[in-house]
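Subject: Structure for your files

Hello,

The structure you asked for is below. My notes on what was found in it follow.

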Amino acid sequence: MASFKPTKIQVYPKLGEKVTQDTLYWKNYKAPVQIKEFGAVTSIDFSPVTPHNFAVTAFTRIHIYGPFSQEPVKSFTRFKDTAYCGRFRSDGQLLVAGCEDSVVRLFDVSGKVALRLFKGHTKAVHLTDFTSDRYQILTGSDDYTCRLWDIPNATELTTYREHTDYIRCGVTSKLNRDLFITGSYDHTVKLFDARVEKSVITMDHGQPVESVLLYPSEGLLVSAGGRHVKVWDLLKGGQPLVSLKNHHKTVTSLALSSNGQRLLSASLDRHVKVYSTTNYKVVHNFDYAASILSLALAPDDESIVVGMTNSILSIKHRKNQEDSKEIAGQQRRRPSYRVFVKGKNYVPKQDDYLVSKPVKQHLAKYDKQLRRFNVSKALDTALETWIRFRKPEITVAVIKELDRRGTLQNALAGRNEQGLSQLLNFLIRNLVDARFTPVLVTAAEMILDIYQSVIGQSPVVDRQLLRLQDLVEKEIDYQKDLLEVLGMLDTMFASSLPRKEVPCSGIGKSNGLTQGEPSTSKPQLQVT
């Protein structure tokens, strides 16, 4: 008896992912290293000096990690309440952080106890940063004020009270020690000059501002708040340049690549978007398991560090050449046994007899039913939920096989309301798919012929039949419109093509006669 041939599942072409230079660059990272922190990670900051350690602010602690360490190399735990915004100074020797208790603390990275305590705010301090001269500190608080402090004397220099809501973000200029920017929940971003008593430029973001970022040239400013990321031209008085809305939830953090050509934004929607700074289009996307609160890039983009609401710190390190070679070596297929015995270049002789082991045939459930001629059960198996939704090509292949055997009508008949509803749902979902239409149209015609007598008895089936009718009518209208457009395009292309003269060899240009053929016209008389 001949062996049973399994149902042939047609493989349809898939649209491949467009591979760009950005795809290759941003996918060249290892699997993330995940570290459990004591609370939500609200801030990450890299040290500007080698070995580029990074400070992670989470709950009442600030942990400092090495570039490749999974345990903190240093911890600061002298906070009475939740700590915020741990930032390194440009020489990497000092660290400043705010706190829920309104006190700003200055630490020596090599020590444990706070060097200075700056008291003056009345509510939580969410913004801290050093000025470019290294001797002053900028702070912003929920008491609506931002202040400048002198480090050597631990005294307050200036207080600005222009914001009307919480100040949650800010940044100092690296080129001018007197300039700094703050972002507030009053929807405004303000540029301050310490030599002037009030702000110089005010920009309306339109949403509570969660993060601000200065370009290295400091001519452009990026603000994030709500679902928007906006770019401002500071050289033109804070004129808005671009407004991006690629996230579904609030954008919480911003970062810039080492060459300044890529902008990164992190959001509560668990995505990190990478934008090109030339046209501000999304060139790559990272997905994470939880909402993102903080994001930082190591110098030369060696690491991407993300802090999430579930207290997880995710670190992705860039692959080096040695790692790539190891992976390639692991994927290389090992030689078979006969290569070791006979050699790589062994050619079988004519008298050699190959003893093959019998291969056991493993059949799918629907093929087992087809082998037993249970055509109705075979179709039921192919209409299971996970096959119907994830692998519709299997269901279509079974229907095609039943039609080839001439048993499709038997498989479709005799179904109750639930079984018929499943069939109609599958048709509604896939009938207009160009890959499946030739097979499913035949099945739809058979269903209508078989069950036309029960129309009007089930409201569920009637609604599905009406949906199927509307779907088919819309598809027919689309096809008619497409044919009209195709006719218009053919006419346009035909009229736009240049007309070429067809050369006719052997025809004289003067009289159209073949060369050598005598002319029948009478010769003209010459009058003298």
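The disulfide count comes to zero, a disulfide being a pair of cysteine sulfur atoms within 2.5 Å. In general terms, a disulfide is a covalent bond between the sulfur atoms of two cysteines. Cys85 is buried at a relative accessible area of 9%, and Cys169 is buried at 7%. Buried means under 20% relative accessible area, exposed over 50% and partly exposed in between, with a 1.4 Å probe and protein chains only.

Please note that this is a predicted model, in which local features need pLDDT of at least 70, side-chain atom pairs count only at pLDDT 80 or more, and totals for chains, interfaces and linings use all residues. Residues are numbered from 1 along each chain as its sequence is written, and side-chain values use heavy atoms, without hydrogens and water.

The protein chain has 11 helices and 28 strands, taken as DSSP runs numbered from the N terminus (helices H or I, at least four residues; strands E, at least two). Of its 528 residues, 43% are buried.

Four bridges join E8 (residues 104–108) to E9, and Val104 has Phe118 in E9 as its bridge partner.

Regards

Note on methods:
Two strands pair if DSSP finds at least two bridges between them.
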